[in-house]
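Please look over the sequence and the structure below before reading the points that follow.

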Amino acid sequence: MARAVTVVGPVEPLRTIGVNSLMAGTVLALHAQEGDRVGEGALLAELDARETRAQFERARAVLANATTVFERNTQLHANRIITDAEFEQSRSAYEVAKSDAELWRTRYAFSRITAPSAGVVTAKHVEAGSAVTPNQRMFDLADVSQLVVRVRLSELDVVHLRAGAPVTVTIDAYPDVRLRGTIRRVFPSADAESRLVPVEVVLGAPPPGVAVRPGYLARVTFALDRRSGALAVPAPAVGMGDDGAFVFVVEADSVVRRAVGLGLTAEGWVEVAHGLREGELVVTSGHTNLRPGTRVRVADPGAGE
């Protein structure tokens with residue numbers, strides 16, 4: 001037996017990455033739209049970088065000239081034809097030119113917005129012709145290789161959960177389909193206001209024909225306080241009196257009122273902690289009109305009622 005609790009939460013990608021502009025500029029072209037699946041390094045957008053490209057080409061030309069001079073002066077210095085000061089000057093000019101070329105190469109690369117990892121484009125925040133500023137969000141990229149549901153549970157329920165435990169998930173879009181889920185992690189602290197503890201559940205592979213998408217509403221059922229080998233009776237068999245819970249047990253041809261200790265209640269069944277033995281017959285309906293010692297006849301003993 002297990003007590004079950006069901007909580008509702010949206011389906012979310014395991015990770016969502018914001019792709020930002022690293023420089024100011026105008027969007028020249030867009031190469032990705034919402035819903036596109038892209039690989040790592042895929043080109044998402046281009047910024048107008050004509051001026052930056054010209055500066056980069058100029059820096060490359062200066063570097064090529066500085067490299068030639070430095071290589072020539074290296075040979076001349078080795079043959080003691082030029083002074084140390086002239087050699088150091090050419091080397092300094094070469095290092096400056098190399099750094100300058102790397103600077104403009106990096107700035108030119110910033111004009112090409114690429115995907116930092118594989119995923120699905122879930123949002124596009126700019127259009128062609130838009131002006132962007134440094135660190136402005138341009139795309140949202142979701143890793144949908146694993147979908148999760150993040151829900152919050154009471155601290156009284158969380159103590160019965162552990163990472164790796166199976167759960168049952170249903171999606172409102174597919175109410176007749178049950179998905180297998182696994183608790184990925186139980187957060188270490190509760191929310192300061194609600195006192196609820198976040199729990200993250202990763203969804204298993206859906207069956208053929210079922211497409212689970214981020215944003216769908218999911219209902220996660222957790223089995224709490226699981227009991228193995230529990231002795232239980234149907235809930236209607238239990239009565240409540242001034243002295244506590246009781247059941248009517250059939251002994252020979254009459255009924256006996258037996259006090260019982262109750263445990264877990266789940267799905268119409270009640271765990272009996274003590275007071276009954278496995279295989280005893282109990283009255284499951286109509287017992288409110290019975291009195292101890294009432295003579296009875298079991299019509300169908302094989303039914304176990």
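This is a predicted model: local features need pLDDT of at least 70, side-chain atom pairs count only at pLDDT 80 or more; totals for chains, interfaces and linings use all residues.

A residue is called buried when its relative accessible area is under 20%, and exposed when that value is over 50%.

**The protein as a whole**

- The protein contains three helices and 18 strands.
- Its radius of gyration is 36 Å, whereas the globule rule gives 19 Å for 305 residues, and the protein is therefore more spread out than a compact globule.
- Along the principal axes, the C-alpha trace of the protein spans about 125 × 45 × 40 Å.
- Of the 305 residues, 33% count as buried, and the accessible surface of the protein comes to about 18000 Å², with 50% of that area belonging to carbon and sulfur atoms.

**Helix α2 and its buried residues**

- Helix α2 covers residues 84-110, and its 27 residues should span 39 Å at 1.5 Å a residue, which agrees with the 39 Å between its end C-alpha atoms.
- Which residues of α2 are buried? They are Phe87, Ser90, Tyr94, Ala97, Ala101 and Trp104.
- An α-helix has 3.6 residues a turn, so residues three or four places apart point the same way.
- The buried residues of α2 pack against α1, which covers residues 50-78.
- Ser90, which is found in helix α2, has a relative accessible area of 6% and is therefore buried, since this value is under 20%.
- When residues up to four places away in sequence are not counted, Ser90 touches Val69, Phe70 and Asn73.

**Glu40, a residue in a loop**

- Glu40 lies in the loop between strand β3 (37-38) and strand β4 (43-47).
- Is Glu40 buried or exposed? Its relative accessible area is 64%, which is over 50%, so Glu40 is exposed.
- Glu40 and Pro116 are 76 residues apart in sequence, and their C-alpha atoms are 5.6 Å apart in space.
- Leaving aside residues up to four places away in sequence, Glu40 touches Ala115, Pro116, Ser117 and Ala118.

Note on methods: Residues are numbered from 1 along each chain as its sequence is written. Side-chain values use heavy atoms; hydrogens and water are left out. Helices (H or I, at least four residues) and strands (E, at least two) are DSSP runs, numbered from the N terminus. The radius of gyration is taken over C-alpha atoms; the globule rule is 2.2 Å times the number of residues to the power 0.38. Buried means under 20% relative accessible area, exposed over 50%, partly exposed in between (1.4 Å probe, protein chains only). Accessible areas come from the Shrake-Rupley method with a 1.4 Å probe; for residues, only the protein chains shown count as cover. The expected span of a helix is 1.5 Å times one less than its number of residues. Contact means heavy atoms within 4.5 Å.
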